[in-house]
Amino acid sequence: MMVLTKALIKESEENAVKSGAFSFLKLMKTAGETAAEKIADLTEIKAKKIAVVCGNGNNGGDGFVIASRLAKLGGRVSVIMPLGKPLTENAKFYFESLQNVNITDSLEESYDIIIDAVFGIGLNRELDENILQLFEKINSTAALKIAIDIPSGVEADTGRVLGEAIMCDYTITFIALKPCFVLPEGSDYCGKVIVADIGVNTADFSYKTIEKPQFPKRRHNSHKGTFGTALMFCGSYGMAGAAILATRAALASGVGIAKCVVCDGIYDILTRAIPEAVCLPVVQDESGTYKADTIDYEKAFKKVTAVLIGCGMAQSDNTRKVLRCVAEKSDVPIIIDADGINLLADSIDILRECKAPVIITPHPAEMARLCKCSTAEIEQNRIYYAQKFAIDYNCTVVLKGANTIVATNKGEIFFNLTGNPGMATGGSGDVLSGIMVSLLAQGFVPEDAAKAAVYLHGEAGDRAALKKGERAMLPSDIIKEL
């Protein structure tokens with residue numbers, strides 16, 4: 001699906017009007033009636049007490065159309081106008097057409113359904129105290145809450161909450177998704193998002209969501225070499241689990257061979273846990289991680305088709321040497337995760353020296369270290385930092401979190417819509433990296449490997465949550481669902 005900023009939404013609407021397909025008055029009627037139909041599909045309307053809370057702009061105009069339609073369907077409809085009478089000509093037209101509804105300026109009764117048509121996508125200012133109190137009152141009710149276009153109080157392009165916002169069960173939006181649906185903090189207020197088609201073609205798109213990947217059928221005449229070899233520099237003393245999870249995920253995602261360069265202190269643990277792995281044990285240093293000078297890189301890189309480095313590897317002078325050697329020697333795509341990213345933060349020249357394509361997979365705190373800013377700044381500007389870093393360092397950035405972002409070195413942005421809060425636990429990132437290196441090793445180009453991996457990781461997590469619940473599920477449950 002496409003994700004459009006408010007500027008592109010407005011341009012799309014203007015183009016539809018200029019083409020003669022609609023007038024703005026007709027467009028408002030179509031939007032309101034379509035939204036009313038979607039609401040009627042979601043819940044019973046007849047005899048229900050319904051409050052349509054309308055602002056004084058065009059979003060309120062949509063609300064007037066919705067109110068009229070729901071009244072015709074048998075709803076006991078009240079139109080609440082906390083900002084007074086409408087100010088735009090189109091909204092005035094539909095306000096004056098209201099029939100069989102109660103009109104008031106305050107929310108007094110209890111309702112079965114509250115429809116939020118206060119602010120649309122144009123809101124970009126802090127809210128006054130009266131509106132904040134109204135939103136708090138709406139949020140405190142047990143009514144089913146449905147937003148029209150976006151939840152009021154959320155800024156469309158940034159997802160920023162402007163003091164308070166209506167916490168909705170559903171959002172019915174028009175034309176396309178807006179950035180607030182896939183960015184913190186706004187996405188928490190949207191509930192289930194329904195994109196309603198009102199016949200407007202999009203002028204362009206700002207970003208896209210990731211679609212379910214397609215895999216070619218495997219040929220009968222295949223062998224382990226057909227499906228690639230993933231070389232993995234993961235784990236250290238005390239962090240064997242990271243290596244185990246990443247390797248299991250890689251194998252479960254279809255790689256032919258998972259070759260693990262493993263510290264001798266965790267060699268026994270890893271081989272017992274994953275007998276399918278090919279292990280290259282190396283001497284560990286006094287801190288329990290790789291002793292860089294003991295690694296036979298020529299042997300390690302033989303017939304390798306992708307590399308993963310960093311999961312549970314620990315941070316030391318030795319691991320920085322390992323990262324630098326891998327970056328210099330690899331002519332196949334590299335994924336840098338976890339401790340590998342933290343090592344990059346102080347040695348960013350390593351990234352510039354890579355000959356092969358690179359994917360980095362930071363969570364927001366790791367991204368902040370790379371960008372020399374705060375985690376809060378990353379969370380408030382996820383698109384900007386992911387996009388800028390991908391372009392500046394000619395890599396693919398997978399910025400993890402709810403609705404993980406994949407940013408390409410061309411500046412393209414993709415949002416992932418699979419996944420759930422049950423995946424927010426230690427080890428989930430190792431599973432993601434294992435899936436990703438597996439797909440890279442099998443021949444996916446970096447951009448496609450990154451997008452497919454985050455989608456599959458999230459979908460497997462959703463299936464695990466259905467079986468175990470979000471609180472009880474583990475990263476190993478994600479692997480079982482692959």
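First, the ground rules. The model is predicted, so to speak of local features I need pLDDT of at least 70, and side-chain atom pairs count only at pLDDT 80 or more, while totals for chains, interfaces and linings use all residues. Residues are numbered from 1 along each chain as its sequence is written, and side-chain values use heavy atoms, with hydrogens and water left out.

Two strands pair if DSSP finds at least two bridges between them. In general, strands of a sheet pair through backbone hydrogen bonds, either parallel or antiparallel.

Start with the sheet of 7 strands. It is open, in the order β4-β3-β2-β5-β6-β7-β8, and the pairing is parallel. At its edges are β4 (102-104) and β8 (192-196), each pairing on one side only. From one strand to the next the twist averages 20 degrees, where axes are lines fitted to C-alpha atoms, for helices over the stretch in contact, and angles run from 0 to 180 degrees between N-to-C directions.

Within that sheet, look at Lys49, which is in strand β2 (residues 49-54). β2 runs parallel to strand β3 (residues 76-80), and 5 bridges join them. Contact means heavy atoms within 4.5 Å. Setting aside neighbours within four places in sequence, Lys49 is in contact with Arg76, Glu109, Ser110, Tyr111, Asp112 and Ile113. Lys49 and Ile113 are 64 residues apart in sequence, yet their C-alpha atoms are 6.5 Å apart in space.

Now the other sheet. It has 11 strands, is open, and runs β1-β9-β18-β17-β16-β15-β14-β13-β10-β11-β12, with mixed pairing. β1 (2-3) and β12 (278-282) stand at the edges with a single partner strand each, so one side of each has no neighbour in the sheet. β1 pairs with strand β9 (residues 207-209) in the antiparallel sense over 2 bridges, and the bridge partner of Met2 in β9 is Lys208.

Why is strand β10 (residues 229-233) described as largely enclosed by the rest of the structure? Because 5 of its 5 residues are buried. Buried means under 20% relative accessible area, exposed over 50%, and partly exposed in between, with a 1.4 Å probe and protein chains only. Both faces of β10 are covered, with Thr229, Leu231 and Phe233 buried on one side and Ala230 and Met232 buried on the other.

β10 has parallel partners. 5 bridges join it to strand β11 (residues 257-263), and 4 bridges join β10 to strand β13 (residues 306-309). Phe233 has a bridge partner in each: Val261 in β11 and Ile309 in β13. Together, β10, helix α6 (residues 240-252) and β11 make a right-handed β-α-β unit; right-handed means that, with the strands pointing away from the viewer, the path from the first strand over the helix to the second runs clockwise. Helix α9 (residues 317-329) lies across β10, β13 and β14 (334-336), at about 165 degrees to β13.

Next, helix α12 (residues 364-371). Its buried residues are Pro364, Glu366, Met367, Ala368 and Leu370. They pack against α10 (339-346), β15 (358-360), α13 (375-380), α14 (382-392) and β16 (396-399). Just after α12, Lys372 takes a positive phi of about 55 degrees.

Two single residues remain. Ser68, in helix α3, is buried, with a relative accessible area of 18%. Beyond neighbours within four places in sequence, Ser68 is in contact with Ser97, Leu98 and Gln99. Is Asp128 buried or partly exposed? Asp128 is partly exposed, at a relative accessible area of 40%, and its place is in the loop between β5 (113-117) and α5 (129-140).

Last, how many residues line the second largest pocket? There are 26, of which Glu13, Asn58, Asn59, Asp62 and Ile121 lie nearest its centre. α1 (6-18), α2 (24-42) and α3 (58-72) each supply at least two residues of the lining of that pocket. On a 1 Å grid over the protein atoms alone, a pocket is an open set of points where a 1.4 Å probe fits, with protein on both sides within 12 Å along at least five of seven lines, and lining residues have an atom within 4 Å of a point.
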